[in-house]
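Dear colleague,

Please find the structure handed over below, followed by a short account of what was found in it.

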Amino acid sequence: MCINIVVVDDDPGFRRIATTLLTARGLRVVAESRDGASALAAVRAHRPDGLLLDLHLPDLDGLSVARRLTEEDAPPRIVLTSTDKSFWSQEELRGAGIESFVAKDKLFDADLRGLFAPSAP
């Protein structure tokens with residue numbers, strides 16, 4: 001089963017790296033976005049299974065994007081990423097509709113396929 005992902009980050013270099021990592025792990029990147037507004041539009045247009053979402057964006061922050069998406073039907077699994085070393089509790093993340101947090105410098109070692117795999121019914 002193909003898992004479709006949208007990558008959201010204002011840094012084109014990071015988007016390129018993230019896309020390479022996701023593709024190498026058997027995931028398909030269907031769109032890239034540089035800000036929150038285009039991320040919302042990409043999710044609505046592509047209906048991806050997952051969203052790799054940067055915390056700090058030029059317009060909306062990642063938590064705001066996640067909260068908006070969870071108000072819609074069938075939101076994607078959201079993995080938040082940032083260089084910010086702050087850590088959030090699982091309750092805080094889940095409250096915003098975020099599946100998990102992965103620091104950008106740990107993305108290479110993360111089980112990306114596992115993070116975006118659909119939950120068992």
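A residue is called buried under 20% relative accessible area, exposed over 50%, and partly exposed in between (1.4 Å probe, protein chains only). Aspartate 54 counts as buried because its relative accessibility is 3%.

The model is predicted, so local features need pLDDT of at least 70 and side-chain atom pairs count only at pLDDT 80 or more, while totals for chains, interfaces and linings use all residues. Residues are numbered from 1 along each chain as its sequence is written, and side-chain values use heavy atoms, with hydrogens and water left out.

Aspartate 54 belongs to strand S3 (residues 50-54); helices (H or I, at least four residues) and strands (E, at least two) are DSSP runs numbered from the N terminus. An unreviewed UniProt entry annotates Asp54 as "modified residue: 4-aspartylphosphate"; such annotations may be inferred rather than shown by experiment, and UniProt positions follow the numbering used here, with feature names shortened. Beyond neighbours within four places in sequence, aspartate 54 contacts Val8, Asp9, Asp10, Gly62, Leu80, Thr81, Ser82 and Lys104 (heavy atoms within 4.5 Å).

Of these residues, lysine 104 also lies over the face of phenylalanine 14, 4.4 Å from the ring centre (NZ of Lys or CZ of Arg within 6 Å of the ring centre and within 35 degrees of the ring normal). Arginine 25 lies over the face of phenylalanine 108, at 5.5 Å from the ring centre.

Valine 8 has serine 33 in S2 as its bridge partner. Strands S1 (residues 4-8) and S2 (residues 28-33) pair in the parallel sense over five bridges, pairing requiring at least two DSSP bridges.

Yours sincerely
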